[in-house]
Amino acid sequence: MDAIHVILAVAAATFAAAVTFGKANAAPMDPAAINAAIFTGQQLPEGQSPLAARLQILLDRAGASPGVVDGYSGENMQKAIRGFEQVNKIPDDGLVDQMVWDTLQAMGSDVIVSYTITGEDVSGISAQLPDDYAELAKLDRLGFTSVREKLAERFHMDEDFLAELNPGTQFITGETIFVADPGPDQKAEIASLVAVKSQARLLAYDASQTLIAIYPVTIGSASTPSPTGVHTVNGVAIDPTYSYNPNNFVQGNNTEPLTLPPGPNGPVGDVWIDLSEPTYGIHGTPHPSKIDKTSSHGCVRMTNWDARELAHMVSQGVTVEFRD
């Protein structure tokens with residue numbers, strides 16, 4: 001057993017009692033506390049807790065994305081639990097119960113693991129990006145602006161949560177840090193997608209209409225609504241440029257069309273799934289923590305990692321139905 005796992009084991013013994021008796025909110029957001037957290041029959045405490053963090057990561061592994069892993073219970077967590085229940089044919093109330101917890105245990109044990117930062121992790125970092133689209137259009141790439149942001153996205157984490165798990169970390173080559181382990185991407189052939197506006201969820205089905213994956217999304221707004229009815233996927237672009245058209249919406253004082261360079265911090269993140277309805281698509285975002293917290297310009301917006309996973313499971317002709 002290496003030194004890191006010794007530290008985790010010792011800390012786990014320290015925190016296990018408090019977590020076991022449903023006092024997860026009293027335990028610090030420590031890697032060992034998260035790995036030791038268990039469900040004891042009580043619902044999740046309000047706010048942030050090790051149990052919520054562990055649940056988020058287990059749900060992510062199971063194909064029921066909670067969005068960013070941040071240790072907070074909330075609407076995206078409830079949607080993920082409900083989706084997990086639907087996939088596993090458990091009564092879907094969006095609440096944790098013993099059946100949900102027991103079924104999730106098939107997703108593994110430790111959800112927080114150690115990771116050593118590499119030279120590749122610290123390379124390719126962009127300078128701070130301006131907000132104005134005209135200024136962004138002058139750049140070569142809209143990349144991550146810090147190693148912390150890059151690693152947080154890689155491990156499906158909120159930046160502040162990553163920092164909280166690693167106090168004093170400088171995020172430089174050779175440092176060993178604690179990160180979420182969301183597991184490998186889902187792999188399946190999706191035949192149809194359903195975007196449910198009232199639930200802010202995207203449901204993915206295979207050819208037998210079996211629910212495969214569930215994602216929290218942002219879908220349109222009152223001023224820029226999403227499409228209605230059934231459409232199809234035209235194609236998939238990874239690391240796309242972004243074509244700004246002021247006829248669709250106006251950003252700042254920009255009244256002329258612009259082409260913004262690719263990158264995860266571009267307006268559509270690093271994935272664009274083009275739909276048969278002109279100008280609409282399913283795409284990533286530079287602000288993963290805001291999924292289902294803000295509105296979109298009519299498209300279906302996802303975290304970059306969820307959009308990448310989905311992009312490798314869809315192909316031209318997949319149907320996309322928008323439901324209220």
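1. Helices and strands here are DSSP runs, numbered from the N terminus. The model is a predicted one. On that numbering, Ser226 sits in the loop between β6 (218-219) and β7 (229-238).

2. Is Ser226 buried or exposed? Ser226 has a relative accessible area of 9%. Buried means under 20%, so Ser226 counts as buried.

3. What surrounds Ser226, leaving aside its neighbours within four places in sequence? Its contacts are Lys197, Ile219, Gly220, Tyr280, Gly298 and Phe322. With Lys197 there is also a polar contact between the side chains, at 3.5 Å. Val300 is 74 residues from Ser226 along the chain, yet their C-alpha atoms are separated by 7.8 Å.

4. Now to helix α7, residues 147-154. Its buried residues are Val147, Glu149, Leu151, Ala152 and Glu153. Two glutamates, Glu149 and Glu153, are among them. In an α-helix, residues three or four places apart point the same way, because there are 3.6 residues a turn.

5. Which elements cover the buried residues of α7? The cover includes two strands, β1 (112-116) and β2 (176-180). It also includes two helices, α8 (159-165) and α9 (304-311). Just after α7, His156 has a positive phi of about 65°.

6. The largest pocket has a volume of about 1000 Å³. Its lining has 37 residues. Nearest its centre lie Tyr133, Tyr242, Phe249, Pro267 and Val268.

7. Where does the lining of the largest pocket come from? α6 (133-136), β8 (242-244) and β10 (271-275) each supply at least two residues. β8 gives the most, with three residues. By class, the lining of the largest pocket holds 14 nonpolar, 18 polar and five charged residues.

8. The second largest pocket has a volume of about 300 Å³. It is lined by 14 residues, and those closest to its centre are Phe144, Lys150, Arg154, Pro264 and Asp270.

9. Which element gives the largest share of the lining of the second largest pocket? It is α7, with four residues. The classes in the lining of the second largest pocket are eight charged, four nonpolar and two polar.

Methods:
Residues are numbered from 1 along each chain as its sequence is written. This is a predicted model: local features need pLDDT of at least 70, side-chain atom pairs count only at pLDDT 80 or more; totals for chains, interfaces and linings use all residues. Side-chain values use heavy atoms; hydrogens and water are left out. Buried means under 20% relative accessible area, exposed over 50%, partly exposed in between (1.4 Å probe, protein chains only). Contact means heavy atoms within 4.5 Å. A polar contact is a pair of N or O atoms within 3.5 Å; within protein, one must be able to donate a hydrogen and the other to accept it, and residues adjacent in sequence count only if both atoms are side-chain atoms. On a 1 Å grid over the protein atoms alone, a cavity is a set of points where a 1.4 Å probe fits but cannot get out, and a pocket is an open set with protein on both sides within 12 Å along at least five of seven lines; lining residues have an atom within 4 Å of a point. Grid points are joined across faces, edges and corners, and a volume is the space filled by probe spheres set on the points. Ala, Val, Leu, Ile, Met, Phe, Trp, Tyr, Cys and Pro count as nonpolar, Asp, Glu, Lys and Arg as charged, and the others, Gly among them, as polar.
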